[in-house]
Amino acid sequence: MSTEKPTVLYIDDEQANLTVFKANFRRDFKVHTAISAAEGRKILDQELVHVIVADQRMPVMTGTEFFASILDDHPKAKRILLTGYADISAVIEAINLGQVYMYLTKPFDENQLRTAIQTGYDIYMTSEQLDSKTQELKDAYEELDQFVYSASHDLTAPLMSVRGLIKLAKMEGNNPEYLDLIDKSINKLYDFVKNIIAYHRNTKSLTKTKAINFEKLIHETIDGFEFYENKTNIDFELSVTQAMPFHSDEPRLKIILNNLVSNAIKYSDSKKTNPFVKISVEVADNHAEIVIKDNGIGIDAEYEKDVFEMFFRATHENAGSGIGLYVVKEAVNKMGGSINVESTKGEGSVFTLSLPEMK
Amino acid sequence: MKTQTDPIVILVDDNKIELLLNSRLISHTKISSNIVTFDNGKDLLADIRNDRYKGNEYPVIILLDIQMPEMNGFEVLEEFEKLPKDLKSRFRIYILSSTLSEADAERAQKNENVVEFYSKPLDTDQLKLSLLNSMMQ
């Protein structure tokens, strides 16, 4: 468990008892003492206290009453009640009203009380851990919910387009135009499924590294988009400066390059006369810097920070699903690298990727 | 539909295939040959605010998608709600979505400004029937 010292607050109306308590326990615990319930309350409002030990018989407010009064504001601290005489009704009241977890007689036995405080602290920490695990699970569940919501849309929408197109084709008789559109919808669906699988693989698989031939890898990536309709007009430029061998996780690197290059193609600007994608790689000092620059449609300044978010889509210009850059970001994180984007709407985007040597 | 002029139908969807597909379905089934398309909600709202449909014989039919970037269908409905009553009265909004979420469907149906919620692909018979009903009222 945690290495921090348990913090304990002791409340008793006799100064002598407070002094003894402090002397006994200051080596084991961080000790606060208070001469009255009101003083004790002040300390609780300022300090994080794990265990509270209170005397039952105090003027103004008894120990039980004190515990009951702090239930709302300080529900987490574990409570120990000390009393000089055993009175069963006081015990019942202490448990029911004050949520006291242990009841000890006075004068206290030093070892017994030490164990009780330590145990109280352990219970406190265990329930803290449980709380934070519960919160983590809640967050993960919510994320999963959001994922299912968005993913089901991206899986269904192209299928519904296909159904509509088939309906239309039947109505009109043969019209090959609809076959092209069906093909497009299916490709979109296929891209999405590939990305989901890549995302899933990325969360699981361990990193394997090998020497990277950037020249070859990037040419293969570009060639993979042969069938993208706006690819033919785009001028690709590649420069690789590599002074040393570079090792990386090739499957992840492929996912990253695939997404970045396909975005550069998908979001190229049909109004420009010389659409280009310039890719440069520089390997030096045990890291690789990959810059992918295009003169495409660019990203609205207000959305620039969100483009790596899951299912975020910055534009209606082209039918992306918003998962690609999220997958990229996740993969980059797994590889211990970083990625950022600088973009001007209407002028183009520059993605800069920095990856460490992984051998 | 035996009318002298067709009602105007506005399609709003970020997916251009859907816009083409639904335009054709609507014109082939003679619901209307008067179709306007927008690929985002902002442009639709700008068009509504222009109030160029004032004095039309029929209300303007809007088929609105839910999941769109920048501004989704629900956000469009929120903005629409803020418009003056008489301007709003010139439009009949239908939601046309591929969502599988019951919460989305319920939310759309509960919205005062939504006539009906339809799942994609568009069922033109269903739309026709609903339009005929609303015109008889």
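Biologist: What does Lys106(A) touch, not counting residues up to four places away in sequence?

Modeller: Leaving out residues up to four places away in sequence, Lys106(A) touches Tyr10(A), Asp12(A), Asn17(A), Asp55(A), Leu82(A), Thr83(A) and Gly84(A), where contact means heavy atoms within 4.5 Å. This is a predicted model, in which local features need pLDDT of at least 70 and side-chain atom pairs count only at pLDDT 80 or more, while totals for chains, interfaces and linings use all residues. Residues are numbered from 1 along each chain as its sequence is written, chains are lettered from A and ligands numbered from 1 in the order in which they are written, and side-chain values use heavy atoms, with hydrogens and water left out.

Biologist: Which side chains make polar contacts with the side chain of Lys106(A)?

Modeller: The side chain of Lys106(A) is joined to that of Asp12(A) by a polar contact of 3.1 Å, and it makes another with the side chain of Asp55(A) at 3.2 Å. A polar contact is a pair of N or O atoms within 3.5 Å; within protein, one must be able to donate a hydrogen and the other to accept it, and residues adjacent in sequence count only if both atoms are side-chain atoms.

Biologist: And where is Lys106(A) in the chain?

Modeller: Lys106(A) is in the loop between strand S5 (102-105) and H5 of chain A. Helices (H or I, at least four residues) and strands (E, at least two) are DSSP runs, numbered from the N terminus. Leu82(A), 24 residues apart from Lys106(A) in sequence, is 5.9 Å from it in space, C-alpha to C-alpha.

Biologist: Is the peptide bond from Lys106(A) to Pro107(A) cis or trans?

Modeller: That bond, from Lys106(A) to Pro107(A), is cis, with omega near 0°, and Pro107(A) is also placed in the loop between S5 and H5 of chain A. In chain B, a cis peptide bond joins Lys120(B) and Pro121(B), with omega about 0°, and Pro121(B) is found in the loop between strand S5 (114-119) and helix H6 (124-136) of chain B.

Biologist: Switching topic, is Ile80(A) buried or exposed?

Modeller: Ile80(A) has a relative accessible area of 0%, so it counts as buried; buried means under 20% relative accessible area, exposed over 50%, and partly exposed in between (1.4 Å probe, protein chains only). Ile80(A) sits in strand S4 (residues 78-83) of chain A, and the residues it touches beyond four places in sequence include Val51(A), Val53(A), Phe67(A), Met102(A), Leu113(A) and Ile117(A).

Biologist: What about His74(A), buried or exposed?

Modeller: His74(A) is buried, with a relative accessible area of 15%, and it is found in the loop between helix H3 (63-69) and S4 of chain A. Its side chain and that of Asp45(A) are joined by a polar contact of 2.9 Å. Leaving aside neighbours within four places in sequence, His74(A) is in contact with Leu44(A), Asp45(A) and Arg79(A).

Biologist: Which residues touched by Ser152(A) lie beyond four places in sequence?

Modeller: Ser152(A) touches Phe147(A) and Leu100(B), once residues up to four places away are set aside. Ser152(A) is found in helix H5 (residues 110-172) of chain A and counts as buried because its relative accessibility is 19%. Its side chain reaches the backbone oxygen of Tyr149(A) at 3.0 Å.

Biologist: What is the phi of Asp285(A)?

Modeller: Phi of Asp285(A) is near 45°, a positive value in a residue other than glycine. Asp285(A) lies in the loop between strand S9 (276-284) and strand S10 (287-294) of chain A and is exposed, with a relative accessible area of 70%. In chain B, Glu70(B) has a positive phi of about 70° although it is not a glycine, and this residue is partly exposed at 27% relative accessible area.

Biologist: Zooming out, how many helices and strands are in chain A?

Modeller: Chain A has nine helices and twelve strands, and buried residues make up 44% of its 359 residues. Among contacts in chain A between residues at least 6 apart in sequence, 68% join residues at least 24 apart.
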